[in-house]
Amino acid sequence: MSPDHPPGLDLDRLRGLLDRERPGLVTGPLSGRLIEGGRSNLTYAVSDSTARWVVRRPPLGHVLATAHDMKREHRVISALHPTDVPVPRPVLLCEDEDVLGSPFYVMEFVEGTPYRTAEQLAPLGPERTRAAVLNLVDTLVGLHAVDPAEAGLGDFGRPDGFLDRQLRRWAKQLDASRNRDLAGIDELHATLGRELPNSPSPTVVHGDYRLDNVLIGGETDEIRAVLDWEMSTLGDPLTDLGLLVMYSSPLGMPDSPVSTTAQAPGHPAPAELIERYAARSGRDVSAVAWYTAFAWFKLAVILEGIHYRYTLGQTVGRGFDRIGDLVPVFIEHGLTTLQEG
């Protein structure tokens with residue numbers, strides 16, 4: 001831990017807030033560090049040398065509307081914490097922008113590893129890797145089995161017209177960050193719009209479900225926490241499955257700053273993940289190609305937004321200089337997925 005204040009985190013103001021709102025929680029001077037790896041919201045590990053917490057806040061500078069909603073993320077983990085879905089215990093939500101310059105929240109620090117690349121997974125070996133990824137599917141099935149009303153999330157979203165609204169939302173996000181030509185992205189968006197599937201019954205949707213958004217630990221490589229809920233809502237659960245399938249597909253770009261784990265020895269193929277989800281959830285997954293193509297489109301838009309912030313000098317961390325090169329790759333994968341069905 002560095003005693004210095006990382007960008008976007010004023011430890012003195014944070015300590016003052018915690019002392020007022022959670023007296024006795026902090027027992028010594030705070031130190032903090034930026035947790036590398038995220039490309040969207042900023043995540044910090046904070047410690048008083050006795051206990052540790054995590055602070056989540058939006059990125060510095062250019063922020064797309066609704067894309068970095070701390071209140072929403074805090075609400076969903078608060079609702080899910082009493083359920084079987086593993087999430088960190090929430091500590092505090094702060095909507096006063098005078099403290100850190102934006103809304104943020106504090107949650108418990110959970111020990112575990114977010115596996116971002118095939119290289120990171122490889123030391124686990126094929127059997128442990130396979131089990132970890134299958135656990136990821138099972139945890140998703142568990143999330144989608146939560147009754148939103150019973151969890152206090154009955155008004156967490158508007159499921160009617162969810163897919164159409166998602167397409168319009170991400171097109172709007174793209175327009176807000178569009179400062180260069182992107183061949184094929186308008187074709188991908190239009191084709192998705194023409195081929196909308198019929199959604200199953202709505203569930204709580206994570207919105208960014210993948211292996212590096214969970215923490216894995218323990219002797220059995222259990223999923224100890226699902227993280228990064230800022231895109232969660234009530235909607236079509238198969239959007240989460242499509243994203244998981246996308247992240248289980250090879251990108252074909254060595255040394256990419258955003259990678260999938262598909263090449264790790266023992267990693268289940270996308271078809272097996274789809275089959276396991278279908279068997280354990282009982283849902284019809286025949287339109288999974290559409291949902292996977294939509295995932296490629298959504299990630300292309302997200303990456304373009306990150307690239308846009310990079311061009312404005314408003315990003316913190318490493319690897320942002322190469323994000324822009326990934327966007328055409330994601331667009332091409334989306335078009336190919338739709339063509340191949």
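Modeller: Helix 7 (residues 185-194) and helix 10 (residues 288-311) pack with their axes 10 Å apart, at an angle of about 140°. Helices here are DSSP runs of H or I with at least four residues, strands are E runs of at least two, and both are numbered from the N terminus. Axes are lines fitted to C-alpha atoms over the stretch in contact, and angles run from 0 to 180 degrees between N-to-C directions. This is a predicted model, where local features need pLDDT of at least 70 and side-chain atom pairs count only at pLDDT 80 or more, while totals for chains, interfaces and linings use all residues. Residues are numbered from 1 along each chain as its sequence is written, and side-chain values use heavy atoms, with hydrogens and water left out.

Biologist: Which residues of helix 7 make the contact with helix 10?

Modeller: Contact means heavy atoms within 4.5 Å. On the helix 10 side we find Trp-290, Ala-293, Phe-294, Phe-297, Ala-300 and Val-301. Facing them from helix 7 are Ile-185, Leu-188, His-189 and Leu-192.

Biologist: Which residues have the most contacts inside the largest nonpolar core?

Modeller: A nonpolar core is a set of buried Ala, Val, Leu, Ile, Met, Phe, Trp, Tyr and Cys residues joined through side-chain atoms within 4.5 Å. Buried means under 20% relative accessible area, with a 1.4 Å probe and protein chains only. The largest such core has 86 residues, and those with the most contacts inside it are Leu-192, Trp-229, Phe-297 and Phe-330.

Biologist: Which helix gives this core its largest share?

Modeller: The largest share is 14 residues, and it comes from helix 10.

Conventions:
Buried means under 20% relative accessible area, exposed over 50%, partly exposed in between (1.4 Å probe, protein chains only).
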